[in-house]
Amino acid sequence: MLQTTRNSPIPELSVWAPLVLAILRIVSALLLIDQGLNTLLHFPQAGVPDGLDAGAGVIEVVGGILIAIGLYTRIAALAAAAEIAMAYGALDRPDTTILFCVIFFYLVFAGPGLWSLDGRIHQPDVRPEVLRNAAAAHHRRPRPRHHTTEHDL
C-alpha cells in the first residue's frame with residue numbers, strides 16, 4: 001500500500017511534478033491572455049478601455065504570452081502577479097482573480113518547468129561534459145594484460 005503521509009511523498013507522483021508545473025503555467029497564462037484581451041476589447045461591450053484598464057490589459061496579454069511560451073517567465077510572472085493584485089482592488093475584479101495572483105507568484109519561485117524557452121536558452125550544453133566524462137572513464141578502465149607468448153613475438 002502506498003504511504004500518503006507528508007514525510008514520505010509518493011515517488012510515483014513526484015515524477016510528474018515538472019510536467020504538471022508546465023501545464024499549470026501554460027493553462028494559467030492562456031487564461032490570463034483571455035482576461036487581458038477581454039479587458040482591452042471590452043468584449044462583449046464595444047468601447048475603448050480607459051487608461052488603467054488598457055494598461056492592465058496590455059500587461060495581461062504580453063505577460064500571458066511570455067509566461068505561456070516560458071520566456072522571461074519569472075519576471076513576467078512577477079509583473080502579472082503584481083498587476084493582478086492591484087487590479088483586484090482598483091478595477092473591482094472578482095475574488096477568483098486572487099488565485100491568478102497566487103499562481104503567478106508561485107511561478108516566480110518555481111520557474112517555468114518543462115516546455116519553456118527559458119529552459120532551452122539557459123540550459124547548459126551537456127555534450128562536452130558527457131564527452132569529458134566518457135574520456136575520463138575510458139582512461140580509468142584497467143587495460144587487459146597481454147601475456148607475451150612466442151606467437152606474439
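**Helix packing**

Mentor: Start here: α4 and α5 cross with a left-handed sense. Keep in mind that this is a predicted model.

Trainee: At what angle do the axes of α4 and α5 cross?

Mentor: Roughly 155 degrees, and the axes come within 8 Å. Helix α4 covers residues 73-90, and α5 covers residues 97-110. An angle over 145 degrees counts as roughly antiparallel, so α4 is roughly antiparallel to α5.

Trainee: Which residues of α4 and α5 make the contact?

Mentor: On α4, they are Arg74, Ala77, Leu78, Ala80, Ala81, Ile84, Ala85 and Tyr88. The α5 side includes Phe100, Cys101, Phe104, Phe105 and Leu107. By class, the α4 contact with α5 has 16 nonpolar residues, 1 polar and 1 charged.

Trainee: Staying on α4, which of its residues are buried?

Mentor: Thr73, Ala76, Ala77, Ala80, Ala81, Glu83, Ile84 and Ala87.

Trainee: And what covers the buried residues of α4?

Mentor: The cover includes α2 (17-41), α3 (51-69), α5 and α6 (117-122).

Trainee: How far apart are the end C-alpha atoms of α4?

Mentor: They are 25 Å apart. The 18 residues of α4 should span 26 Å at 1.5 Å a residue, so the two values agree.

Trainee: What follows α4?

Mentor: Asp92 does, and its phi is positive, near 55 degrees.

Trainee: Switching topic. At what angle do α2 and α5 pack?

Mentor: About 135 degrees, with the axes 11 Å apart. That is why α2 and α5 count as oblique to each other. Their crossing is left-handed.

Trainee: Which α2 residues make the contact with α5?

Mentor: Leu21, Leu24, Arg25, Ser28, Ala29, Leu31, Leu32 and Gln35. They meet Phe100, Ile103, Phe104, Tyr106, Leu107 and Ala110 of α5.

Trainee: How many nonpolar, polar and charged residues has the contact of α2 with α5?

Mentor: It has 11 nonpolar, 2 polar and 1 charged.

Trainee: Let me pick out Leu32 in α2. Is Leu32 buried or exposed?

Mentor: Buried: its relative accessible area is 0%.

Trainee: What does Leu32 touch, leaving out residues up to four places away in sequence?

Mentor: Glu60, Gly63, Gly64, Ala80, Ile84, Phe100 and Phe104. Ala80 and Ile84 are also among the α4 residues in contact with α5.

Trainee: How far is the C-alpha of Leu32 from that of Ile67?

Mentor: The separation is 9.5 Å, and the two residues are 35 apart along the chain.

Key. Residues numbered from 1 in each chain as written. Predicted model: local features only at pLDDT ≥ 70, side-chain atom pairs only at ≥ 80, totals over all residues. Heavy atoms only, no water. Axes fitted to C-alpha atoms, helices over the stretch in contact; angles between N-to-C directions. Helix = DSSP H or I, 4+ residues; strand = E, 2+ residues; numbered from the N terminus. Parallel < 35°, antiparallel > 145°, perpendicular 65-115°, else oblique. Left-handed = near helix turned anticlockwise from the far one by under 90°. Contact = heavy atoms within 4.5 Å. Nonpolar A, V, L, I, M, F, W, Y, C, P; charged D, E, K, R; others polar. Expected span 1.5 Å × (residues − 1). Buried < 20%, exposed > 50% of the residue type's maximum accessible area, 1.4 Å probe, protein only.
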